[in-house]
Amino acid sequence: MDRIVLTGGNKLHGTVRVSGAKNAALPILASAILGGGECLLGNVPGVVDVVTMGKLLGILGASVKTEEGRVAISVDRIHSTEAPYDLVRTMRASVLVLGPLVARWGEAIVSLPGGCAIGTRPVNLHLAGLSKLGAEVAIEHGYIRAKAKRLRGARIALELPTVTGTENLMMAACLAEGTTVIENAAKEPEIGDLAAFLVKRGAKISGAGTDLITVEGVRALHGADHEVIPDRIEAGTYLAAGAITGGEVNVEHCRPAHLEAVIAKLRETGATVTEGKDSIRLKASGRPRAVDAKTFVYPGFPTDMQAQMMALMCVAEGTSVITETVFEGRFTHVPELQRMGADIKVDGNQAVVKGTENITGAPVMASDLRASAGLILAGLAAEGITEVSRVYHLDRGYEKIEQKLGGLGATIKRVKGGAAPAARATA
Ligand code: EPZ
């Protein structure tokens, strides 16, 4: 397994270009199942989760051709409606094929994703919504089995604004008979991007990006071309890299409007943040000030930036309280940051972080995608060498991260292969 080795202390300077949004590309790829004709997608990030989704769609019968950042996909026929466990367990977003399969092919057999490092991650709201649309849904031997002759439009009031739940149900509703209204829908920009792509294919959707989405079902969707929106979490991660190293970083090919809560929080720490049309420049002003941060659904401060913010607060002047309200277990980065000398005390869904000037490099272990990003950021600021193992977590959502950080002046390299470090002793 690869490791990333970095030596802290360099102030990052320069420009970095953001890739396409993983969390937009995944539902957009899954939505290819909904109709025939070829879809040409651009600005698709070269990350492992996108490769995994391509493999899954291939298993189902799609034709998927990928070259540098572009994907040509068509699903004119299907030869399986089953998303197998050994693939789904590597990527929970596989559940996004559920709605499209039932809507267009009348059946779906999708392994339950199971929990992961950040929480139990149930999909009960996806299933309840599909039932509302007239699907027969059962769970047998760890698999979701859903079928329907033709889905019927319905009013779905989501108990929680689930992102992929909103996406699954919006996709399914595209081919349902009649009108579907999704209330308390998630408002993340990736949902708006998925809807924009579906509308290009002939779907009738309004309200995506708000908490009330209306879908008029149609008989069929055709192919279309689409450029995936930039990845707002990747952009936020590089801004935080500039802040934690006391440098000046220009993040380009991004959408500042998607990062308002992150930009506001970084400004609170004392950084100067300037928004361009499709770029954001951050200039740190010495050591960051400690600020509190609380994660919320969009447009609040994103949970996917919580670990990165915590890393920044580890070196801040003062004490901050980081509150995680979206996932119940998203503090797996804490013990690893503590090994680097960070002063963090966790109490339930809150972490009290006492900033210190001297965190030190150490061998640390990544546990999930965004925790890994937090450890990389801490390593950029730590005195000495940090070695992050299990970076396959990082490769799921960050394209060429060591090249991009190296281009900003970080001393960072990837060490290929090598045995995985033994899991931490439990007793
Ligand atoms: C999406 O996950 C993202 N993944 C996550 O990004 C992101 O952290 C999350 O939204 C929150 O913004 C993709 O878009 C592929 P949720 P998702 O359903 O849809 C509970 C990353 O790092 N819930 O909005 O799985 C759930 O337990 C990943 O890129 C139910 O109870 O998140 C959680 O507490 C990590 N029942 C809350 O809702 C359900 O049926 C939000 O989950 C569904 C969700």
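Cys-254 is buried in this predicted model, its relative accessible area being 3%. Cys-39 is likewise buried, with a relative accessible area of 0%, and its sulfur lies 12 Å from the closest cysteine sulfur, that of Cys-174, which is too far for a bond because a disulfide requires sulfur atoms within 2.5 Å. Across the whole structure, the search finds 0 disulfides.

His-126, a residue of helix α5 (residues 124–132), counts as buried because its relative accessibility is 3%. Leaving aside residues up to four places away in sequence, His-126 touches Val-95, Thr-162, Thr-164, Gly-165, Asn-168 and Leu-169.

| Residue | Relative accessible area |
|---|---|
| Cys-39 | 0% |
| His-126 | 3% |
| Cys-254 | 3% |

Helix α1 (residues 22–30) is mostly covered, with 8 of its 9 residues buried; among them are Lys-22, Pro-27 and Ala-30.

How do helices α8 and α12 cross, and at roughly what angle? The axes of α8 (residues 232–244) and α12 (residues 369–381) come within 9 Å and cross at roughly 20 degrees, so the two helices are roughly parallel to each other, and their crossing is right-handed. On the α8 side, Ile-233, Thr-237, Ala-240, Ala-241 and Ile-244 take part, and they meet Arg-370, Ala-373, Leu-377, Ala-378, Leu-380 and Ala-381 of α12. By class, this contact comprises 9 nonpolar residues, 1 polar and 1 charged.

How values were computed: Residues numbered from 1 in each chain as written. Predicted model: local features only at pLDDT ≥ 70, side-chain atom pairs only at ≥ 80, totals over all residues. Heavy atoms only, no water. Helix = DSSP H or I, 4+ residues; strand = E, 2+ residues; numbered from the N terminus. Buried < 20%, exposed > 50% of the residue type's maximum accessible area, 1.4 Å probe, protein only. Contact = heavy atoms within 4.5 Å. Axes fitted to C-alpha atoms, helices over the stretch in contact; angles between N-to-C directions. Parallel < 35°, antiparallel > 145°, perpendicular 65-115°, else oblique. Left-handed = near helix turned anticlockwise from the far one by under 90°. Nonpolar A, V, L, I, M, F, W, Y, C, P; charged D, E, K, R; others polar.
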